[in-house]
Structure formats: C-alpha cells, structure tokens
Amino acid sequence: MTSETAEGQVLPSDREVLTYGGFGIAVRELAQQVVDSGWVPDVVVAVARGGLPLGGALAYALGTKAVGTLNVEFYTGVDERLDDPVVLPPLLDTDALRGLRALVADDVADTGETLALVRRLVGEHCEEARTAVLYTKPRSVVAPDYTWRATDRWITFPWSAQDPVVPR
C-alpha cells in the first residue's frame, strides 16, 4: 500500500508517473503561464494535501510571499472518493483574502469537484480567484485557468509514490 492506495488496492500499470525532477519543470512552466497571462496573484492558496507542494513551489516561482491552505478530503483510494469533497480544519482565514487576487493550486483536476469547491469558497472572499493544476482530466467539471498537462490516466505523484514512513 502506498499513500495513494487504499488497503488491498493495486495501482494501474498504465499510469502517469511524475518525478521530482519533472515536478520542477512543471512548476516553472505553470508559473510562466501565469506570468505570460499578465495576471499577478497576491496570494497562493494550496489545496491540502496534494496541492501543498505545488502551492509552495508556485509561490516561490512567482515571487508571491503570501501562501494559505485549505484542507479538503475527497479521495479515499485509487479512483475511490467520498460522495462530495469535505473541508477539514484548520480553516483558511478567508477575511484575509478581501481585495486580493488568489491563485488556487492543486495537483490534479480529476472530477474537478474539489477545485470547484475551493475556487467558489475562496472566490467569495477575494477580488478574483484563478486556478492552477499540474494535471487536468477530461471529465473535470472545472477548466483550470492554468494547466501543465492533460491526461486521462491515474497519476502517481512523487510525494505519494512510497509507503508512509513507519517506526523501525
């Protein structure tokens, strides 16, 4: 079992595998898309957990100092999810977003339900919210503003590719 599988699940053999080196390239290319669009975020809001690495890396690449997180649970295993995404504590201080341009960062827009929820919640409190993801799947209900790649395969990210660490 890895961080991306539920007990008893096996990863699909035909999957997209992102390495840490590939992640570095993806971040720079996504940041370039944002810069080339002429839009500058005041804050990056990372969707925890999968969007945390991207959110922090994009903030550095864009020179954005303010970073926030919103914890959302949706996936429970490979292609297994709750009925709806659920926001978990601790909660983002949405009052601090007033008048700001927020870039919502997540690892993948699979169904797009999580990204839609976070964009709506953040968008209710800031001047403008845009979205950036590493991957977009064809079934996503959201078309992210910035996407590195499109795929219809399961994605293995470097931060979830190995088993959780256990005591020795």
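These are my notebook entries on a predicted model of a protein chain.

**Entry 1: the overall layout**

I started by listing the secondary structure. I got three helices and eight strands for the protein chain. Going from the N terminus, I wrote the order down as β-α-β-α-β-β-β-α-β-β-β.

Next I looked up burial and surface. The chain has 168 residues, and 46% of them are buried. Its accessible surface is about 8,900 Å², and carbon and sulfur atoms hold 51% of that.

**Entry 2: strand β2**

How many of the six residues of β2 are buried? I went through residues 43–48 and found six of the six buried, so the strand is largely enclosed by the rest of the structure.

Which way does β2 pair with β5, parallel or antiparallel? I found the parallel sense, over four bridges. Looking across from V44, I noted L103 of β5 standing opposite.

**Entry 3: helix α2**

I moved on to α2, residues 52–62, and picked out its buried residues: L54, G55, L58, A59 and L62. Seen down the axis of α2, they fall within an arc of 130°, so they line one face of the helix.

**Entry 4: from β5 to α3**

I followed β5 (101–109) out towards α3 (113–123) and stopped at D110 in the loop between them. Is D110 buried or exposed? I looked up its relative accessibility, which is 4%; the cut-off for buried is under 20%, so D110 counts as buried.

I then checked what the D110 side chain touches. A polar contact of 2.5 Å joins it to the side chain of R139.

The buried residues here are T114, L115, L117, V118 and V122. Down the axis of α3 they fall within an arc of 160°, so they too line one face of their helix.

Definitions and conventions
Residues are numbered from 1 along each chain as its sequence is written. This is a predicted model: local features need pLDDT of at least 70, side-chain atom pairs count only at pLDDT 80 or more; totals for chains, interfaces and linings use all residues. Side-chain values use heavy atoms; hydrogens and water are left out. Helices (H or I, at least four residues) and strands (E, at least two) are DSSP runs, numbered from the N terminus. Buried means under 20% relative accessible area, exposed over 50%, partly exposed in between (1.4 Å probe, protein chains only). Accessible areas come from the Shrake-Rupley method with a 1.4 Å probe; for residues, only the protein chains shown count as cover. The arc is that of the directions from the helix axis to the C-beta atoms. A polar contact is a pair of N or O atoms within 3.5 Å; within protein, one must be able to donate a hydrogen and the other to accept it, and residues adjacent in sequence count only if both atoms are side-chain atoms. Two strands pair if DSSP finds at least two bridges between them.
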